[in-house]
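Please look at the structure first.

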Amino acid sequence: MTSIDATAARPGRPRAAMRRGVLDRFTDSTAIWPVLVAATALYLIAFVGYPVLYTIIMSLQEVSVGNLRSLSRPWVGFDNYTRLFADPLFPLVLRNTVLFVGLNVVLQCAGGLAVALFFQQRFPGASFLRGLVLAGWILPPLVIGAVWKWLLASDNGVLNYALASLGHIAKPVYWLSDPATSLLAVTMANVWFGLPFNMILLAAGLAGIPRELYEAAAIDGAGPVRRFLSVTLPLLRPTLYALVALSTIYTMRAFDLIWTMTHGGPVDSSNIFPVWSYKLSFEVFDFSGGAAISTLMLAVVFVVAVAYLRSVRAEQSL
Amino acid sequence: MQGSSRRQALAGLMGAVAVAALSAGSAAAGEKITMWHIFGNATEPALANLAKWDKLNPDNPLDHKFIPFGQLSQQLIKGIATGDVPDLITIDNPVVASFASQGALEDLTEMVKASKVIKKDGYFPGSWNTTIWNGKQFAVPGEANTLALYYNADMFRAKGLDPDRPPRTWAELKAASEKLTDPAKNVYGIGFSAIQSEEGTFQWLPFLQQSGGNLRDLTSADSVAALALWADWVKSGQASKDVLVKRQFEMTSAFLGGGSAMVVSGPWELQRMDKDAKFEWRVAVLPVREGKNIEASALGGYVWGVPKGAKNPKLAFKVIEFMSEPEQMKQAWSGGRLPPVASIAIDNPSNPKAYEVFKRQMEFAKARGPHPAWPQISAAVQTAIQSALTGQATPAAALEKAQAVVKPLLDKNPIDGL
């Protein structure tokens, strides 16, 4: 519809002003609404709806290499899910995922806020250095995983060397190869990886808080702690909500780092849902199981996203 | 009515013949043969073989793409899911049965039977077996590799061991590993990869076979001894705990850096040894267990396969035949691999001593499978290895758990000799 109108306006009317007029009239009118809605819907259906639906369908079917190509595969209902719930690995991977995501969200947000507040202090080169902190976030996760694996190596790793030199440890710590610490080790690396992104978002949020509020609070006799609690935190709330939602979604997808550092081991001690899903699909060729895990993760992410949207709406209606 | 349907059928048939003729014609003239392979290294001699094909067959040049070894299966699966598969692919030998049993590979039985180049007799039986599923042939061995024991001769001498007499039995290996371990210098006696992936299984299976145990009977005293051997090395500090998360490549790096005095690894590391080792290194065949005297090692290597849905299976097979000619197969050694055909000898091989060792070791190399559920079997074995090495379970308890998974799978489809 648009294209016809737009091209119709073109030939024979050389004056740009005239053409603009027609377009403006068109884009200003409500006539364009269906087009905008249709374009968005088409995009969503093709690039979001289709893969999501495909995954959900796969999780309800029996899928093998042989029938991967066709969509008409044997339906098995919720068998794949009950099979996963019954798997002895399930409780372990669930616990790992909750710990990994929980620790990451808390530490990335708290750490991000601390660093953002630090760089808000005015000192020479503050904004330049803040930019440099982002460097970690720009690197590919595979590179970060390889570097951290080296940092955390038991025998010639940097961290153990530093700790031993400072006299904190007598024996090397087996960060990655001890099931008791492997999840902590990959969490540490992932916090380091995600923190700069949180820091930048929070720095933007902090910049949006009017200076006058701080000045007024200071005149009223509020100290730095009081100012932080009564001015910074409440005004930063929308940003923090967004951040918690975003970092939950990001960490729910974490895969590359763990894959490079531990492969989910030892004995699945650092195995989380995305890693398990990948292992099922591409190592054991259990595509249905992999799809079922993806669907479960999708459900969790969906709940988080809805909670976030509702909080935004509540915030706006205030 | 009848007449018209017959006429239609005839017309259809003629059409089909015409289309077939057309496609055959176009295949002969200028059609490219698509190939996914694992030849990533720029110095990889197999790349020279590909270039040679292009030179000799300008009408059907290869359109080839490198895929890292670890991503082969994943890429093939993606290709199958989207209907975009190449004409020819290199596959890791233990997953052939998985793909074949699920109908993802072309049946090459007839073409191999008719082939003048590819003759079953010459091939190492282990290599050949990996390509057969249910009596049909789904692939052709491309290269073979196996595991042996690399050791640091300088460290041997420093600890009063004779580098000319490498460990021949488990007892000698244990004694050597204990002597060579030097915590003050950060040196471990022995290195191997027990990572939770196929590599861990690949490295442990030789010890399982040497022990006299097998996958069918993982709870037997012999099988348990094979896992206890590894677990004790870690427990006593003769092997690093990092074997649990390090790949073979990383364990070999540790050996090269002087972090371990011995390492279980393959011929693919020879180039790196030549380049990076700052000490005298040697290779020996893996030891045997006293009282059993079973020589064993793992069998690795890729095979050539034609994915179902390939546009030019016939042309692809011609490429397989070309690559299977002795002239091309001989290139394998300079890439750190062996020809899968026993009778093909490398003239003047680099590292002649290592060549002799690996060639001898190949005679005892056993295939992983073929089994359609090999990945599941392997996963259960990996978990057992890791549970025992972390001390979460005793070797016996860990293997008992694995047995519960592995036995039903083997009852359904037994594996010869495992």
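## A helix pair in chain A

In chain A, helix α4 (residues 79–86) and helix α15 (residues 287–317) have axes that come within 9 Å and cross at roughly 80 degrees. α4(A) is therefore roughly perpendicular to α15(A) (angles of 65 to 115 degrees count as such). Axes are lines fitted to C-alpha atoms, for helices over the stretch in contact, and angles run from 0 to 180 degrees between N-to-C directions. Helices are DSSP runs of H or I with at least four residues, strands are runs of E with at least two, and both are numbered from the N terminus.

From α4(A), the contact uses A:Asn80, A:Tyr81, A:Arg83 and A:Leu84; from α15(A), A:Ser288, A:Gly289, A:Ala292 and A:Ile293. Contact means C-beta atoms, placed from the backbone, within 7 Å.

## Model and numbering

This is a predicted model; local features need pLDDT of at least 70, side-chain atom pairs count only at pLDDT 80 or more, and totals for chains, interfaces and linings use all residues. Residues are numbered from 1 along each chain as its sequence is written, with chains lettered from A and ligands numbered from 1 in written order.

## Chain A overall

Chain A has 15 helices and zero strands. Its C-alpha atoms fill a box of roughly 85 × 70 × 40 Å along the principal axes. In chain A, 67% of the contacts with a separation of 6 or more join residues 24 or more positions apart.

## Contact with chain B

Chain B places 29 residues in contact with 24 residues of chain A. On the chain B side, α3 (72–82), α4 (96–101) and α16 (374–390) each give two or more residues. The largest share, seven residues, comes from α16(B).

Methods:
Angles under 35 degrees count as roughly parallel, over 145 as roughly antiparallel, 65 to 115 as roughly perpendicular and the rest as oblique. Two residues are in contact if their C-beta atoms, placed from the backbone, lie within 7 Å.
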